[in-house]
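Have a look at the structure first, then read on.

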Amino acid sequence: MSSYQKELEKYRDIDEDEILKTLSPEELEQLDCELQEMDPENMLLPAGLRQRDQTKKSPTGPLDREALLQYLEQQALEVKERDDLVPFTGEKKGKPYIQPKREIPVEEQVTLEPELEEALAHATDAEMCDIAAILGMYTLMSNKQYYDAICSGEICNTEGISSVVQPDKYKPVPDEPPNPTNIEEILKSVRSNDKEVEEVNLNNIQDIPIPMLTELCEAMKTNTHVRSFSLVATRSGDPVANAVADMLRENRSLQSLNIESNFISSTGLMAVLKAVRENATLTELRVDNQRQWPGDAVEMEMATVLEQCPSIVRFGYHFTQQGPRARAAQAMTRNNELRRQQKKR
């Protein structure tokens, strides 16, 4: 038996309950603080779970942000400013820098004909800009000024060479307007199998509850008029993907499905791909740009689904592996060729 094991033998028969009975309330409180499991290095936890509560003062009430800001501002105003070691008087010392004039050497001096000297002396900034472009001095102007002067037979620059430091002004592109789709009305129309609703577009609506999305997929099972179903950037996860998979197994009218830019994992994508095998009407499927890369197994499953489902002629996904990419490209070429031959018949 080692010395360490002999040392532990002394504490084998100790009665912990008896020791706890002899401790005072202060000692018990200190022991409770020591036994708390804290992780001070985990920045994802709130401050109350990263360190022990060592505050003995009772709370003074709820947080009043405005009162706290006023108190901090008042404290800052009451603090006396530190005196400068050298007071600022505003006096300027030294002499201003004057750049010396550089004399042009004789070998660098260029003498032009009197007619050219007179023409250059009276040339405007726009004319000088065009001359510089013709001579190939593209570093003195912006790309727009250079190509306008080269491609046009007339003087088209109106700003001059001094404007090259200014960037080109581009027209601002307005933000895309929010999706005006009313989810509740769409859900009612899909449930009632409204023949006027052939497209369900919920793109970029990020506050849709998951139960409502699953209800919409449940209503799509029996709908026979919707041809396009798009859930791009709706923060959908695996529960919605499983609901979409169940919908694909029963729906026989949907032709286009788009679930790009969501939080679907490899498990949800695998469920959707397995359901696509049982659907013979779907012609377009887009599943790219998920939150995490689905993995090699999912990419191989995508290629297998495209090979086994000749009805799919458009597929949206950026493959990272060469093998599945080549198989998918070959399958898409074959599917489109079969579709072309069917249209000829």
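**Helix H10 and its neighbors**

Helix H10 (residues 210-220) buries Leu213, Leu216, Cys217, Ala219 and Met220 (buried means under 20% relative accessible area with a 1.4 Å probe, protein chains only). Looking down the axis of H10, these buried residues fall within an arc of 160°, so they line one face of the helix. This is a predicted model, where local features need pLDDT of at least 70, side-chain atom pairs count only at pLDDT 80 or more, and totals for chains, interfaces and linings use all residues. Numbering starts from 1 along each chain as its sequence is written, and side-chain values use heavy atoms, with hydrogens and water left out.

- The cover over the buried residues of H10 includes helix H9 (183-191), strand E1 (199-201), strand E2 (228-230) and helix H11 (238-250).

**H11 against H12**

- The axes of H11 and helix H12 (residues 266-276) come within 8 Å and cross at roughly 5°.
- That makes H11 roughly parallel to H12 (angles under 35 degrees count as such).
- On the H11 side, the contact (heavy atoms within 4.5 Å) includes Asp238, Ala241 and Arg249, while Thr267, Gly268 and Val276 are among the H12 residues.

**H12 against H13**

- H12 packs with helix H13 (residues 296-308) at an angle of about 15°, their axes 10 Å apart.
- H12 and H13 are therefore roughly parallel to each other.
- Contact residues include Leu269, Met270 and Leu273 of H12, and Val298, Glu301 and Met302 of H13.

Methods:
Buried < 20%, exposed > 50% of the residue type's maximum accessible area, 1.4 Å probe, protein only. Helix = DSSP H or I, 4+ residues; strand = E, 2+ residues; numbered from the N terminus. Arc of directions from axis to C-beta. Axes fitted to C-alpha atoms, helices over the stretch in contact; angles between N-to-C directions. Parallel < 35°, antiparallel > 145°, perpendicular 65-115°, else oblique.
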